[in-house]
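Visitor: I have a model open and would like to learn how to read it. Where do we start?

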Amino acid sequence: MSDEANKGLLSPLRRKLLMGMAAVPAITMLPRGAFAQAPATSAVNTTGLAVTDTEVTVGILHSATGTMAISETGSIQAEKLAIEQINAAGGVLGRKIKFIQEDGASDWPTFAEKAKKLLVNDKVAAIMGCWTSASRKAVLPVVEQYNGMLYYPTFYEGLEQSKNVIYTGQEATQQILAGLNWIAKEKGAKSFFFIGSDYIWPRTSNKIARKHVENVLKGKVVGEEYYPLGNTQFNSVINKIKLTKPDVIFTDVVGGSNVAFYKQLKAAGIDLSKQALLTISVTEDEIDGIGGENIAGAYACMKYFQSLDNANNKAFVSAFKKMWGEKTVIGDVTQAAYLGPWLWKLTVEKAGSFDVDKIAAASPGVEFKGAPEGYVRIHENHHLWSKTRVGRAKLDGQFELIYETADLVEPDPFPKGYQ
Amino acid sequence: MFGDYSLGDLGSIFVMQGFAGLILFSVYVLMALGLAIIFGQMGVINMAHGEFMILGAYVTWMTSNFFQAYLPSLFAGYFFLAMILAFLASGALGMLVEWALIRHLYKRPLDTLLATWGLSLMLQQAYRSVFGAREVGVELPQWMLGSLHVTDSIEVPINGVFVMCLTVLITIGVAYVLYMSRWGRQVRAVVQNRIMAGAVGINTEKVDRLTFGLGCGIAGVAGSAFTMIGSTGPTSGQLYIVDTFLVVVFGGAASLLGTIASAFSISQTQSTLEFFMSGSMAKVLTLLAVVGILMLRPQGLFALKVRK
């Protein structure tokens, strides 16, 4: 990854030159060493995927238009960056990655249709894609039927596991439990007020959080409220929060509602430097819209923050900004999306094959030491071992890392005692 | 549920809850006014209403950026200029749309629904291409943030007060223009009988264009004001469109008073219910009540008697 670190700092021209130079040895070696460099296509591709002697095709399937474009743009950017970097470093099994990008258009049946197109017509070796649980649920039967491989980046509610999916984000227990433990210990929090948007992810997450608060932390949930997606008025619930005076406000409000919620919280005189608020739905991406001054002081429970201080992350952030502009911010899911192509490459190399069955079998135990969040490893259940971190929002829209678990947290998509 | 709280606590919560209802009321009136003019006076179902609002929000965002970069000393007052610019931008776009699209469809009111819906999709994608898919954060001057400290437990959000004042001003302005001015009389004449109005020398095309522009302009101001309480993104307009239509239809099209009465009853029901149950349930019950009343009174709360 240290090569990657340097790469981000070079000028584009010099980078191109270097890439060209990197290709020179491969060309000169072709007559003698071609076989050793890039194994024969017939050997690494027994199921008719779009793999040639020089190229392998993958699909990118996100919403570039529609409501979800707000969130999914970052994922698309991260995946393209990862693919470019992998290609610059020599590709996968000696083959350059070519991608076909399809637009799910924030519409779940469209996601399923495009996934089918990518797998059946384009024969892509893997799909990096989906964002909302709804889109994943729509795509899941397709990738299972046509035996594709999906790398899914978003933190989600869990309760799912598939041979054909690698979940590079956190499932609910990985995201929530450590954060609740921390805030209970650090702030002596006993009473919690839950507020979320009304759909499966917040409801499942809050269910897990409630069990944990009541059974493990021996605290009390003094309120649990849900508002329709897109709701813009939160004054009533803010009054309820004022009345119940919880130690911690625990939120999983999403989308445009998020912005309204924090603006109105601030306007109602709730000072987040005194009132503890723990969110599992706000990343740097969302703060762009909310405004740093409206959310400064809030705690977010994630596995990645743009401000993480390690060499991998610094290289990643500078490469990302170089490719997509100085002003872009990188949130938790964007980083998880970046892991997708890399994990796939590492798995293909471990399996020595592009075949989906072999990749699915080889995935458990694959490690990625160059991850911006630090070391990650794929678990038998196709989720990632990763750390849970708590950050505190600052005025400039970045998070300051406050706490991280000492060890990697085991993914547990079907948590016992929490259902 | 109130057993655990002291009387003082409860009192102040009821005050604040009442205030929350009033804020919701102003928000509803503000977002519905523009549509009430267009739908009520012209019979055009403008599905792109939300996008005209968001244009106002983007104008506010650009103004705020401009002031931060070039006139930081005047930043505290930029919002007023932003609202005027938002009115002009949305109004101008509205007049352009009326000229290019709507005027060809006056005899086919249901087609305007489809056409303006298409327009809303085009505008959304245009915003996405120009301003980016991500939401933008509109920075507000310091004095507009936070709350007024009335007593230890009663705090009144400043942005709420601001929206309320703005709503009152704009409502008075619209009422004056529609019911007192010469131009308003022309608008009402065209609504009641287009052919006769034309026959007595009213330039009905010009009246139509100005009415549509005014409606869109007010939507722009509403969008500008809502940057204080909500999000600004390419699809944020969609957050308001359902509630807006609900208020206008429930109030009875063509009636300004109806719009206000309907906004008041819906907002009070909503915010009272929200306090006693969860937000989603409150919404369900409010909508059920509206559906029930509309079944009994299809013309809405207040209906203008027009010769058919």
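**Reading the model**

Guide: Start with the order of elements. From the N terminus, chain B runs α-α-α-α-β-β-α-α-α-α-α-α-α. Helices (H or I, at least four residues) and strands (E, at least two) are DSSP runs, numbered from the N terminus. This is a predicted model: local features need pLDDT of at least 70, side-chain atom pairs count only at pLDDT 80 or more, and totals for chains, interfaces and linings use all residues. Residues are numbered from 1 along each chain as its sequence is written, while chains are lettered from A and ligands numbered from 1 in the order in which they are written.

Visitor: How many helices and strands does chain B have?

Guide: Chain B has 11 helices and 2 strands.

Visitor: What radius of gyration does chain B have, and what would a compact globule have?

Guide: The radius is taken over C-alpha atoms, and the globule rule is 2.2 Å times the number of residues to the power 0.38. For 308 residues the rule gives a value near 19 Å; chain B has 20 Å, which agrees. Along the principal axes, the C-alpha atoms of chain B fill a box of roughly 70 × 55 × 35 Å.

Visitor: What percentage of chain B is buried?

Guide: First, the rule. A residue is buried if 20 or more other C-beta atoms lie within 10 Å of its own, exposed if 12 or fewer, and partly exposed in between; C-beta atoms are placed from the backbone. In chain B, 49% of the 308 residues are buried.

Visitor: Which residues touch the most other members of the largest nonpolar core?

Guide: In soluble globular proteins, nonpolar side chains tend to be buried together. A nonpolar core is a set of buried Ala, Val, Leu, Ile, Met, Phe, Trp, Tyr and Cys residues joined through C-beta atoms within 7 Å. The largest here has 131 residues, and B:Y28, B:L30, B:A32, B:L33, B:M53 and B:A222 touch the most other members. Helix α1 (residues 7-42) of chain B gives this core its largest share, 21 residues. A second, separate core has 69 residues, including A:V51 and A:V348.

Visitor: What is B:A222 in contact with, beyond its neighbours within four places in sequence?

Guide: Contact means that two C-beta atoms, placed from the backbone, lie within 7 Å. With those neighbours left aside, B:A222 is in contact with B:L30, B:M31, B:G34, B:M53 and B:G56.

Visitor: How many residues of chain B are in contact with chain A?

Guide: 40 residues of chain B are in contact with 35 residues of chain A. α1(B) gives the most to that side of chain B, with 8 residues.

Visitor: What order do the strands have in the open sheet of 3?

Guide: The order is β11-β12-β13 in chain A, with antiparallel pairing. A:E367 stands opposite A:R377 in β12(A).

How values were computed:
Pairing = 2+ DSSP bridges.
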